[in-house]
Amino acid sequence: MGTTGRRPGAYVCGIDAAMDVIGGKWKVLILWALNERPCRFGELRRELPGITEKVLASHLREMEADGLVHREAYDEVPPRVEYSLTPRGVSLNEALEPLGAWGRANVLGGSPAAGQMREDHDVPLVSGAA
């Protein structure tokens with residue numbers, strides 16, 4: 001699949017286009033969970049506490065339409081459906097790895113901790129700031 005069908009031609013830059021695909025709180029977490037292994041719907045729901053069934057189903061449909069997620073329905077009784085990442089979804093996860101590293105280092109308590117600056121940082125001081 002080449003491009004998403006949401007806003008063709010309306011993107012300002014590549015980041016704008018990427019954020020349209022992964023926008024919202026849950027899509028990157030779905031990508032993270034599926035990077036570990038293929039999952040059934042209920043497994044994904046347990047991996048992501050707080051997500052509703054409606055939002056998960058909607059996001060999975062959108063991510064499938066965007067070519068990030070593959071939905072495999074097995075002809076069994078009871079029916080079984082598994083979700084996994086496509087090569088495009090894997091490549092997006094790889095692109096998000098540096099962002100995750102930044103979050104670990106700057107927000108989750110890495111060095112320096114969030115909100116703390118050391119003297120050796122090259123950050124200009126704002127005049128008049130206390």
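**Notebook: ring contacts, a cis bond and the main pocket**

I looked up charges over rings and found R80 over the face of Y74, at 3.8 Å from the ring centre (NZ of Lys or CZ of Arg within 6 Å of the centre and within 35 degrees of the ring normal). I note that this is a predicted model, where local features need pLDDT of at least 70 and side-chain atom pairs 80 or more, while totals for chains, interfaces and linings use all residues. Residues are numbered from 1 along each chain as its sequence is written, and side-chain values use heavy atoms, without hydrogens and water.

I then checked the peptide bond from V77 to P78, which is cis with omega near -5°; P78 is in the loop between β2 (69-74) and β3 (80-85) (strands are DSSP E runs of at least two residues, helices H or I runs of at least four, numbered from the N terminus).

For the largest pocket I noted a volume of about 530 Å³ (1 Å grid over the protein atoms alone, 1.4 Å probe, an open set with protein on both sides within 12 Å along at least five of seven lines, lining atoms within 4 Å of a point; the volume is the space filled by probe spheres on points joined across faces, edges and corners). Of its 18 lining residues, V28, L96, E97, L99 and G100 are closest to the centre, and α5 gives the most, with eight.
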